[in-house]
Every structure is written in C-alpha cells, then in structure tokens.
Amino acid sequence: MVTTVHLLLERHRLIRKLESIALLSHAEKQALLALPVTVEALDANTTIARDGQRSRTCCLILNGFACRFKSLSDGRRRIMSFHTPGDITDLQGLSLNVGDHSVGTLVPTTIGLIPHESLHELLQRYPSITAAFWRDTLIDGAIFRAWLVNIGRRTAQQRIAHLLCEMTMRCEAVGLSRDDGYRLPLGQSDIADALGLSPVQVNRVLYELEGCSLITSHDSSVAALDWEGLKRAGEFDPAYLHLSQEEAA
Amino acid sequence: MTVTLQSVAIDTDCPDEEGCLMFANERLVAALVRLSDHHGDKAGYWYLEHGFGRLGGPYHPVFLDLDAAQDWAVQRLVDVRRN
C-alpha cells in the first residue's frame, strides 16, 4: 500500500511539471496518471539510454536526478542538461528514431518507462496534452539557448550561480522546495561537466559563494541560501523557463 | 628540450596562491598552482591553471607533484615536434 501511494505521488510530479508550464483539465490529468509505466530503480551513475540507441519507450524521472550527456573520445563527459522528477528526458524519441546523446542518473533514481505506443495514443486523444508536451520541448530549447549564453559569455562564478538558480526554480516547480530542506544533488564534477569548467574551478567558486553566504555546499549537494543574492550573482532572469500557466493560455 | 620551473605567487582570488611557471626552451608554456587545503583530498596537488600553445585548451589536469606535471608537458610538447 505504501509503495502504491508513493508511486502515485511520484507520478504526480509529471502533472506538476506539466502544470507549471500549461493548463490541464481533470480528464487530461487522469489520462496521464493512467499511462502504463514500467518502474525501475537505478543506482547513481547508471546509463539509462546510450548515444545512438533506438528506444521504444520514453523515460520519466519519478525521483532522483538525471542528466543528458555526450562522452568525448578521451572519455570525458559533457553534460548538456539536468533533469528533475517530473521530466521526461527523451520526448524527442517519439519523432526521432535514434538517440543523439546519452541519458544517465546522477544519484539513485527511479524511472518510469512509458511505451511510445501509449504516448502516441494519448496524444491523439488529447490535443491539449500534445500542446503541453510541445511546449515542454520548446522550453527545452530555450534552456539550451540559455546554457549557450551562460557557458559562452559568463565568468565561472556567474555560470555556477546561474545554473543553481535555474535548477532551484525547476525543482520548486515540481514541489521540491528549499523551504522543505531539498538540496540540489549536484556534485562538483557534475557542475564542472555541465559548465565547461574544471572541478578545481567549481570547488573555488562554491567556496567563494559559501563565503558570501549565497549557498551552502556539501560534497554532493548544494542549496541556495540567499536567493536574491544568488540571482544577482548569476544575472539570472527566469523568463526563459516560461513557468507560467497564464503565458500558456 | 630544456624545461625550467620558476616559483611565483599567483592571484587566483582564493587561497590557492603558491604557483609555478613552466618554461620550455625559455618559452612560457604553463602556469601551475598548488591546491590549498579547501580542495580536500586534492590538497597539495598541482593544478594546470593555464597552458599555452600545445598545453592550452579546456583540459586542466591535476598532478601529484611538479615532476608529474613536467612529464605530462614534455610528452605533449615533444609529440608536436615529431609531427
């Protein structure tokens, strides 16, 4: 019984994620909750989908944290995005047959694999859900553009502050709040691989941000302490996250 | 190839400031910094703060000591000259 309740709560993160960017009717929410999902519990640093792989399912993050990445020829990892509970990491698989990047867990993560067939059927029956997923994909693009600017033109401190602000807001949008003690499960190597920095640079910046009381940082997690100060440090404007149902209407 | 090292203080805007400039044939090829205590198990290691020419780029390795840093640098510099 406890497991069932938890699963329902975790599936609700998908609803919360979509409702943070779109309006859903009761019937649409029920249809999403009724999707067939194969649940898998994965260890940290597990590859969910490999670059070049074909898949017949979409991966919903139920709890934990994941990333999309490419592996370079020398073995180094380049993280291209982070994913919170409620994110479907590979909606593009509904249209693009072959993956062009890998997806992996950062911490112990539970995923829900949803058959493409079931999603196609759902999207045909509910045009508003199609619109919500399309909007999610477009926002994905906006986030990539913001990352391009962040990595291409900001200092190490600004980059890290900006990333922490973005992930804090995205987590709060799905009910994972700093006020409830939630900490971003990002290690220094994860931040380094995402922002094109070395772990040494990341360590220095986190030390500096802690010294300014903008964040608290442990070995593998970070949390904002001074939210307004952190936003200023990262030149963060959340507009690109489009976290507004009103905007979607 | 003649490699020489010169101790120097480097302003990294953090406690890491013990530095070393590496020259190859009297040309500056790298600036390294010794990692201070706040780098945990990497404290005392030498970090490639900035490389020049063949040692430049996005890769910033960490070395156990300056001998290891020198070996790494020479290998990369010599390989270029062979090509």
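Select D136(A) to begin: in this predicted model, D136(A) counts as buried, because its relative accessibility is 13% and the cut-off for burial is under 20%. The residue belongs to helix α4 of chain A. Display its surroundings next, leaving aside neighbours within four places in sequence: D136(A) is in contact with K17(A), I21(A) and L91(A).

In soluble globular proteins, nonpolar side chains tend to be buried together.

Which residues does I191(A) touch, not counting those up to four places away in sequence? Select I191(A) and then its partners: I160(A), L163(A), L186(A), V202(A), L206(A) and V222(A).

**A loop residue in chain A**

Return to chain A and select Q92(A), which is found in the loop between β5 (77-83) and β6 (102-105).

**Chain A as a whole**

Nine helices and nine strands make up its secondary structure. Along the principal axes, its C-alpha atoms fill a box of roughly 50 × 40 × 40 Å. The radius of gyration is 18 Å, which agrees with the value near 18 Å for a compact globule of 249 residues. Of those 249 residues, 51% are buried. Among contacts between residues at least 6 apart in sequence, 75% join residues at least 24 apart.

Switch to a surface view of chain A. The accessible surface comes to about 11800 Å², and carbon and sulfur atoms hold 52% of it. Colouring by charge will show 25 positive and 29 negative side chains, with the centres of the two sets 4 Å apart.

**Chain B as a whole**

Finally, select chain B, which has one helix and five strands. Trace the elements from the N terminus on: they run β-β-β-β-β-α. The C-alpha trace spans about 40 × 20 × 20 Å along its principal axes. For 83 residues, a compact globule would have a radius of gyration near 12 Å, and the 13 Å of chain B agrees.

Buried residues make up 39% of chain B. Of its contacts with a separation of 6 or more, 19% are between residues 24 or more positions apart. In a surface view, chain B presents about 5000 Å² of accessible surface, 45% of which belongs to carbon and sulfur atoms.

How far apart do the centres of the positive and negative side chains of chain B lie? Colour the 7 positive and 13 negative side chains: the centres of the two sets are 14 Å apart.

Note on methods:
Residues numbered from 1 in each chain as written. Chains lettered and ligands numbered in written order. Predicted model: local features only at pLDDT ≥ 70, side-chain atom pairs only at ≥ 80, totals over all residues. Heavy atoms only, no water. Helix = DSSP H or I, 4+ residues; strand = E, 2+ residues; numbered from the N terminus. Rg over C-alpha atoms; globule rule 2.2 N^0.38 Å. Buried < 20%, exposed > 50% of the residue type's maximum accessible area, 1.4 Å probe, protein only. Contact = heavy atoms within 4.5 Å. Areas by Shrake-Rupley, 256 points an atom, 1.4 Å probe, with all protein chains shown as cover. Lys, Arg positive; Asp, Glu negative; His and termini not counted. Charge placed at Lys NZ, Arg CZ, Asp CG, Glu CD.
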